[in-house]
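Good morning, colleagues. Please bring the model up on your screens, and I shall walk through several of its local and overall features.

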Amino acid sequence: MASNPPGACCASGFRHEGNPVGKTKNINGVDTYLVSPKDNKNPEKAVIILTDIFGLFPNAKLLADEFANNGYLTLIPDLFRGDQISIADADAGKMNIPAWLPNHQPTTVDPIVDSTIKYARETLGVKQIGAVGYCFGAKYVIRFLKPGKIDVGYSAHPSFVTHEELGAIQGPFSIAAAQTDSIFTTQLRHESEETLIKAGQPWQINLFSGVSHGFAVRGDLNDKTQKWAKEQAFCQAVAWFNQYL
């Protein structure tokens, strides 16, 4: 396994301040957050964000707004069809990830990702797609990183990825990793480097010190180190898409 299954650390973190500016639309039965660049309502390049276990929560939407501010039409499909982990339950320590995960496997998530890609290409007229995977969502960026689906991939602190999936990518892939991460451990990170070398696609891994799993989407912005790492991980994604899309 290139990264371990999601665990308790996946549900830690902070809610960020701000008011998302996009809109949520039902697309083929799936609630999807959409936001367009202010100066280009019909861009040919898009970013699809595949979320962590909290789904369509404010932090993810605010990140989508920032990708739009950098010129990318951005979509976030609800991978869980309303069955995301509750922030309140996570804060209260009442979540049960092992009981939740069986209902959100590739058999149910793959069709949502595929439908979102199809909508972006066929309905919105997008010609190139970059995808961002945070934690849970990273697995599905990797699974769909192939011609006609996702052109360029990026993930932060990935979870639940197999070496077989990682080794099968057919496009550029970038990873933002945390120094402290029981899911994407040092050993698994090094193993992933070997897998990426064998895959033969452009790749990049940036390692951020002083942060833990989830920092790129749920870091404490009152902490100088976490804020800097979160912002730099976002810049890493934008730079990667600017280079390869």
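C135 is buried, with a relative accessible area of 2%; buried here means under 20% relative accessible area, exposed over 50%, and partly exposed in between, with a 1.4 Å probe and protein chains only. The model is a predicted one, in which local features need pLDDT of at least 70 and side-chain atom pairs count only at pLDDT 80 or more, while totals for chains, interfaces and linings use all residues. Residues are numbered from 1 along each chain as its sequence is written, and side-chain values use heavy atoms, with hydrogens and water left out.

C135 sits in the loop between strand 5 and helix 5 (138–143). Helices (H or I, at least four residues) and strands (E, at least two) are DSSP runs, numbered from the N terminus. The phi of C135 is near 55°, a positive value in a residue other than glycine. As background, most residues other than glycine have a negative phi. N28 also has a positive phi, of about 55°, and is not a glycine. N28 belongs to the loop between strand 1 (23–27) and strand 2 (30–35). Is N28 buried or exposed? N28 is exposed, at a relative accessible area of 59%.

Let me turn to the strands. Strand 3 (residues 45–50) is mostly covered, with 5 of its 6 residues buried. Strand 3 runs parallel to strand 5 (residues 128–134), and 6 bridges join them; two strands pair if DSSP finds at least two bridges between them. Within this pairing, I48 has A131 of strand 5 as its bridge partner. Strand 3 is also joined to strand 4 (residues 73–77), again in parallel, by 3 bridges, and here V47 is partnered with T74. Together with helix 1 (residues 58–69), strands 3 and 4 form a right-handed β-α-β unit. Right-handed means that, with the strands pointing away from the viewer, the path from the first strand over the helix to the second runs clockwise.

Y154, in strand 6 (residues 152–156), is buried at a relative accessible area of 1%. Beyond its neighbours within four places in sequence, Y154 is in contact (heavy atoms within 4.5 Å) with residues including A131, V132, F173 and F241. A polar atom of the Y154 side chain lies 2.9 Å from the backbone oxygen of A233.

H104, in the loop between helix 3 (97–100) and helix 4 (106–123), counts as buried at 5% relative accessibility. Which side chains make polar contacts with that of H104? They are D83, at 2.6 Å, and W100, at 3.2 Å. A polar contact is a pair of N or O atoms within 3.5 Å; within protein, one must be able to donate a hydrogen and the other to accept it, and residues adjacent in sequence count only if both atoms are side-chain atoms.

Finally, the whole chain. Its secondary structure comprises 9 helices and 8 strands. The radius of gyration is 16 Å, close to the 18 Å that the globule rule gives for 245 residues, so the chain is as compact as a globular protein of that length. That radius is taken over C-alpha atoms, and the rule is 2.2 Å times the number of residues to the power 0.38. Buried residues account for 52% of the 245 residues.
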